[in-house]
Amino acid sequence: MKNKKTLARLITLVMVVNLLSVFSAIPTNAASGQYLAMPINKTTVTCGYKNEAPGYYKQVPSHGTHYGTDMTGSPNPFYASGNGVVLGLNKTAATTGVGRWVAIKYTNVIYGNVCRDLVVRYFHLASVDPNLSVGKSVNLNTKIGTYGNSGVLWQQMGAHLHVEVDTDVVYWNYTPTLSGAVDGLKGRSNGATDSTMLNPLNVFRLKKSAPENQTCSITYNADYRTRTSLPATFT
Ligand SMILES: [Zn+2]
């Protein structure tokens, strides 16, 4: 009997060790990670990352690659996507660069099988919420501002929100959307590339529970590379 107990304990120990080795393969912060909600609850995507959806070349034929996702919808003002902190903003410029902008660092965002900090940059705002300031914490209930068409080039495209997602939280104010430095942001001539950026529609998810009850539609055009799947969901 004693030998059987010893054997049973040994088997249990092996199972526990195996279980621990499985868990150790998962990032330690996965349990505390957050999903990022879409910036606009009832969204129509009008142009995808790197021109994967239509409308961009047609409206701004000289601009080339699109390093974010454009969207419209309601409500406007729109809200933050989760828990984060404001890294920078520009409340005043309306006709230069990308217009009024906000950059937020979201912490422990679940992306694939890992959690990581991400920067989301919001461009072309008609207004930045007066309560926002650098260093302020945000959550799903925090208004970011009203989307619009401020900045050079984008006035002809009508009111929309341009969002871009960057894994580089150190050089968070570098964007390949700009050619050079303006309004607190830096561009391609300053070294900004798309090498650290992610497709926003692979990061944001539709929050299907109240009060957001998010929905999304994507416009298509056979002339351009198109996206075939909606963002993932969470509750
Ligand atoms: Zn855009």
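The following legends describe close-up views of a predicted model of one protein chain.

View 1. The average pLDDT of the protein chain is 84, and 77% of the residues score at least 70. Over residues 1-29, pLDDT remains under 50, and the model has four contacts beyond four places in sequence for this stretch. Where pLDDT is low, the predicted coordinates should not be read in detail.

**View 2. The largest nonpolar core.** This core comprises 45 residues, and Trp-101, Val-102, Ile-104, Val-120 and Tyr-122 have the most contacts inside it. Strand β7 (residues 114-128) supplies the largest share, eight residues. Leaving aside residues up to four places away in sequence, Val-102 touches Val-86, Leu-89, Tyr-122, Leu-125, Val-128, Leu-132, Ile-144 and Gly-145. In soluble globular proteins, nonpolar side chains tend to be buried together.

**View 3. The open sheet of three strands.** Its strands are arranged in the order β1-β12-β14, and the pairing is parallel. The edge positions are held by β1 (36-37) and β14 (233-234), each of which pairs on one side only. Strand β12 (residues 204-207) is joined to β14 by two bridges, and Lys-207 has Phe-234 in β14 as its bridge partner.

**View 4. Antiparallel pairing of strand β3.** Five bridges link strand β2 (residues 42-47) with strand β3 (residues 69-74) in the antiparallel sense; here Val-45 stands opposite Met-71 of β3. Strand β3 also pairs with strand β10 (residues 161-166), in the antiparallel sense and over three bridges. In that pairing, Asp-70 lies opposite His-162 of β10. Strands of a sheet pair through backbone hydrogen bonds, either parallel or antiparallel.

How values were computed: Residues numbered from 1 in each chain as written. Predicted model: local features only at pLDDT ≥ 70, side-chain atom pairs only at ≥ 80, totals over all residues. pLDDT = per-residue confidence, 0-100. Contact = placed C-beta atoms within 7 Å. Core = buried A, V, L, I, M, F, W, Y, C linked by C-beta atoms within 7 Å. Buried ≥ 20, exposed ≤ 12 C-beta atoms within 10 Å, placed from the backbone. Helix = DSSP H or I, 4+ residues; strand = E, 2+ residues; numbered from the N terminus. Pairing = 2+ DSSP bridges.
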